[in-house]
Amino acid sequence: MCGILGFWGSGLSSLDDAIKCMSAALHHRGPDASGVWIDKQVGLGLGHRRLAIQDLSPQGAQPMHSSCGRYVIAFNGEIYNHLELRKKMSANGVGVLWRGHSDTETILECFSRWGIEETLKIMVGMFSIALWDKKDRVLTLARDRMGEKPLYWGWNNNKLYFASELNSIKSHPDFVPSIDRGAIALLLRHNCIPAPYSIYQGIQKLPPASFISLSLNDKVTALSAKPVKYWNFDQIVESGNSQLLNLSDEDAADELEDLLVRSVKGQALSDVPIGALLSGGYDSSLVTALLQSVTTSPVNTFTIGFNDAAYNEAGHAKSIAKYLGTNHTELYVTPKDALDIIPSLPSIYCEPFSDSSQIPTFLVSKLASSHVKVCLGGDGGDELFGGYNRYLLAKKVWSRLSMLPRSLRGILSRFLTSFPPHQWDYVFQLFSGRYPLATPGDKIHKLASVLDVTDEKGFYRSLTSHWANPSSIVLNSYEPKTLVSDGGSWPNVDCFEHAMMAMDAQTYMPDDILVKVDRAAMANSLETRSPLIDHRVVEYAWKLPLRMKIRDGNGKWLLRKVLYRHIPQSLLDRPKMGFGVPIHDWLRGPLRDWAESLLSYQRLENEGYFDASQVRLLWDQHLSGKKNNQHLLWDVLMFQGWLDEQ
């Protein structure tokens, strides 16, 4: 895990000073070493920050040159099958005098001999790559299949820039930042800025499973170049969904377990200590159990706890760790610990990002980083195996709502929102004795917001939106088209549940979940790995019928079946809690002054990005307790905090 950076083009700044500035901005991603390579004749600078995980010797340093001398690479990530690739090269009669045992050297030689697209197709791992072909003067940028590792690129002020984070690009002395108001609108809808957009005009994210080759012999050609898919998620979904496996439950569980064990074994490859982030939920527990099963010594596991029972799963994680025999470390954090992180969020997340679970994610990463350099996590289980509540409820709710006239749905919406969320919480508690879902009041208000849509795609978009009409609050803005809003981009599947899972895996997971984890972990110089989204597991999941994912009102059915082979069901089954913090209460309490300073009417008016009247109305409603506007306000606050830092 590292950081990559670079630029090409003429300008005022010296190449040496500019590349050093860009590199310094990524120190947290690679504190162990840094390297640069400059071709002054071409005007190209290539940089790398190293977090040494494999081949800790100087032979693993980057930028690295191929043995033939033609290629130079800056690589961020891990290639879990790189030893197999070396064997394949040898079996094919390709003799290489290896200088070290890093995965960087492996893929560099593969690119040299087999070509870019063919090598990308056989690589198993997470990565972002910048590869310079000195002979043809072509720069190739590439990103892993599921989007675990970030890569920004684009043109600004007559230069091409690329880097793992925007902070690095912005550090170049010639870069002239210009905020994209459309990206702000997307932030308010999705609490993140989805690929390919970024907060800056002209700079975009390379989509997952893509590469782009830029010929620097011809700038016009380079400007018009488009990313190419080397692995097509929609094709995987449609192909698997059209040829669903007909297996017994036991056979399906056996096959899935074999794939997961293979993935965990591959991701356990490391020359430094490794651990697991254990929340106590199904996914992290399964990854931890499998990691312990393939490891001879106790696995290091980490969790954080809160004294607020509504947000605390540390006790469950501790019980699972005890059962598995891991070397468990837990830390109970106070509200002050969490609040102290908030002013740093705009620098940790190089562009505005407002998923509030970023706070506990940062805290658990900080805890783990004081013990290990690498941690496995459970991300991806929900999107692939039907774990989110919306998969369980959306189809049933929509099928009933769509039968009602829209006028009646409007009346129902107004009734549901006439009571604040905490009053609905009380009603649910009064009649059920417990919460069947976390924060039922918030979910009722969410339901009210989706009552006016006309089809399933619109229902999903509304269900996954924060602001229903972001352009009405972001001044002089438009909302760019995304995979979610473009109905024609949805894959053809057999049911609404699968459609939602496919869209989440292409949008919510790479743009929110994986961004959240990458930035929080790398801010602490911790590498995180996600065995559940190994592309072979992804391909298998899409061959499974829905009944293998959702059964008897429960999601992740097959994943749980595998998990119960390793951990007793009694230690695991409980309502889904999520990974959050009580932002709604903090905004009315210890964060009130901080928020007030960012949301003052005069400030909003002067900056000119938001409709100050609308924001102040939401803020007043929240402070009075009439509504819980935490999600809407947090979107605005995270932009305001980021803008303040700029």
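Pro 196 is located in the loop between α6 (181-190) and β10 (203-205), where helices (H or I, at least four residues) and strands (E, at least two) are DSSP runs numbered from the N terminus. A cis peptide bond with omega of about 10° joins Ala 195 and Pro 196. The structure is a predicted model, in which local features need pLDDT of at least 70 and side-chain atom pairs count only at pLDDT 80 or more, while totals for chains, interfaces and linings use all residues. Residues are numbered from 1 along each chain as its sequence is written, and side-chain values use heavy atoms, with hydrogens and water left out.

**Backbone geometry**

- Most residues other than glycine have a negative phi, and most peptide bonds are trans.
- A cis peptide bond also runs from Gln 62 to Pro 63, with omega near -5°; Pro 63 lies in the loop between β3 (44-50) and β4 (64-65).
- Asn 191, in the loop between α6 and β10, has a positive phi near 60°.
- With a relative accessibility of 8%, Asn 191 is buried; buried means under 20% relative accessible area, exposed over 50%, and partly exposed in between (1.4 Å probe, protein chains only).
- Asn 157, which is not a glycine, has a positive phi of about 55° and is found in the loop between β8 (152-156) and β9 (159-163).
- Asn 157 is partly exposed, at 47% relative accessible area.

**Salt bridges**

- Side chains of opposite charge can pair when their charged atoms come close.
- The whole structure contains 34 salt bridges, each defined as a side-chain nitrogen of Lys or Arg within 4 Å of a carboxyl oxygen of Asp or Glu.
- One of them joins Glu 165 to Arg 29, with the closest N and O atoms 2.8 Å apart.
- This pair links distant parts of the chain, 136 residues apart: Glu 165 is in the loop between β9 and α5 (166-170), and Arg 29 is in the loop between α1 (15-24) and β2 (33-39).
- Glu 165 is buried at 0% relative accessible area, and Arg 29 is buried at 0%.
- Lys 373 pairs with Asp 32, the closest N and O atoms being 2.5 Å apart.
- Because Lys 373 lies in the loop between α14 (358-369) and β16 (374-376) and Asp 32 in the loop between α1 and β2, this pair ties together parts that are 341 residues apart in sequence.
- Lys 373 is partly exposed at 24%, and Asp 32 is partly exposed at 40%.
- Within helix α3, Arg 113 and Glu 109 are four residues apart, about one turn of the helix, and their side chains form a salt bridge (2.4 Å, N to O).
- Arg 113 is partly exposed at 32%, whereas Glu 109 is buried at 1%.
- Salt bridges with shared partners join Arg 29, Lys 149, Glu 165, Asp 518 and Arg 519 into one network.

**Helix packing**

- The axes of α2 (residues 82-91) and α3 (residues 103-114) come within 9 Å and cross at roughly 40°; axes are lines fitted to C-alpha atoms, for helices over the stretch in contact, and angles run from 0 to 180 degrees between N-to-C directions.
- Helices α2 and α3 are therefore oblique to each other, since angles under 35 degrees count as roughly parallel, over 145 as roughly antiparallel, 65 to 115 as roughly perpendicular and the rest as oblique.
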